[in-house]
Amino acid sequence: MSDGSFFESGHHGHSMIQVESDINVASGLPNVAYTDHDFWLFERDHVLGRTWAALSFSSEVCGSGVTVPITFMDLPLFMVRDAEGCVRVFHNVCSHRGMQLVSETSQAGLMIRCPYHRWGYDLSGQLKATPNIGGMGIHDTAGFDCREHALKEVRSAEYLGMIFINLSGEACPIETLLAPITARWQALAGTDFSQHLANDPGDFGTLELTVNCNYKLAVENYCESYHLPSIHPDLNSYSPLAQHYNLIVDEVASGQGTHTYDLERSEGPPLPIFPNWDGERLKTGEYLSLYPNVLLGLQADHFFAIILTSVAPDETRERLQFFYAGANALDDETLQRRRSLHGAWSQVFSEDISVVEGMQRGRGSSAFNGGIFSPVMDGPTHHFHQWFARGYQ
Ligand code: FES
Ligand SMILES: [Fe+2]
């Protein structure tokens with residue numbers, strides 16, 4: 001993994017990446033960052049692992065005692081909601097012989113039992129039962145202290161209807177990290193719109209796509225509106241490129257916004273708008289890639305979040321949930337409107353598949369190793385590459 005023009009020898013036997021801060025001369029991330037499995041694992045622990053990465057939607061872990069296995073870039077984890085209703089995330093491995101503890105979503109009740117020798121852990125991960133450890137009918141043994149063999153917990157937090165993890169345990173609090181986005185959108189929504197989010201996964205509330213590309217290409221594509229006329233001609237007809245602006249929000253996010261999102265375009269009776277939304281900016285829509293793996297979209301009458309699950313260096317699962325302004329927004333009267341929105345966004349995200357997959361194939365080319373940026377159109381993507389390069393150390 002060495003390329004003199006992009007890498008310098010760095011720590012941990014790995015190489016460093018440099019992305020020039022001057023966009024006029026900068027080249028993007030090298031191909032290896034999109035194609036190499038070793039790079040991907042290092043990236044998991046040292047880039048995504050040092051910040052807050054999205055793992056799942058909150059709605060996927062409902063009810064105390066429900067355990068849900070999930071893999072984060074080949075790392076086996078599971079989520080559980082404890083007796084207090086808080087989500088906790090653990091490494092999905094038994095302390096005894098390393099058996100995978102949770103293999104399917106199930107109701108564990110108060111005790112998570114290993115299927116191999118039936119050791120039991122409570123919902124806070126403490127080892128509570130070690131049947132027959134000292135011989136048949138003898139459930140303890142000299143010198144063995146259950147307290148030393150609890151499950152390994154991963155730091156987690158719920159925010160905006162999602163569950164985030166910080167593998168290193170050392171990132172700043174997620175509220176601090178996201179404060180610039182929260183502040184920006186509070187100014188637009190007139191209040192903390194996140195207090196009003198309502199989702200019904202059943203009724204056109206979710207969308208899922210698997211794309212054959214590195215998750216970073218989905219982030220980058222979402223950062224820009226440059227491709228609107230060529231890839232989304234229909235969207236561009238009512239929300240044209242010229243009405244878009246670039247967004248860079250502090251260190252953690254970039255993307256684009258529009259002044260002409262048309263709330264009246266979808267079919268059916270209208271949805272309620274978020275309370276206190278700025279009446280002068282009803283047609284504002286903002287689209288942010290929240291690094292490393294979340295895509296957000298905010299309009300006056302709906303919000304959506306996409307979690308990019310990196311399955312492999314060249315495979316990404318995109319899961320989307322729509323959120324509306326309060327539980328009343330999920331009434332039957334708005335079903336037609338929600339269906340219409342779901343259809344419109346499905347079309348937009350489907351249109352992006354060919355370009356993110358095409359860029360992935362391009363990353364197999366020895367004639368390309370990062371490319372160049374338009375100083376006017378590609379600022380948000382350049383910002384993401386700089387962020388990534390700073391983290392990859
Ligand atoms: S491996 Fe889990 S109880 Fe033995
Ligand atoms: Fe697009």
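Start by selecting His 227, which is buried at a relative accessible area of 11% (buried is under 20%, exposed over 50%, partly exposed in between, with a 1.4 Å probe and protein chains only). The model is predicted, so local features need pLDDT of at least 70 and side-chain atom pairs pLDDT 80 or more, while totals for chains, interfaces and linings use all residues. Residues are numbered from 1 along each chain as written, chains are lettered from A and ligands numbered from 1 in written order, and side-chain values use heavy atoms, without hydrogens or water.

Is His 232 buried or exposed? His 232 is buried, at 2% relative accessibility.

**Largest cavity.** A cavity is a set of 1 Å grid points, over protein atoms alone, where a 1.4 Å probe fits but cannot get out; a pocket is an open set with protein on both sides within 12 Å along at least five of seven lines; lining residues have an atom within 4 Å of a point. Points join across faces, edges and corners, and volume is the space filled by probe spheres set on them. Helix H7 gives the largest share of this lining, four residues, and H4 also supplies at least two (helices are DSSP runs of H or I, at least four residues; strands are E, at least two; numbering is from the N terminus). The whole structure has four cavities of 30 Å³ or more.

**Largest pocket.** Now select Glu 220, Glu 224, Met 359, Phe 368 and Ile 372. They lie nearest the centre of the largest pocket, which 17 residues line around about 360 Å³ of space. Display H4 (215-223), H7 (335-362) and H8 (379-391): each supplies at least two lining residues, with H4 giving the most, three.

**Cysteines.** Finish with Cys 86 and Cys 114. Cys 86 is partly exposed at 42% relative accessibility, whereas Cys 114 is buried at 2%.
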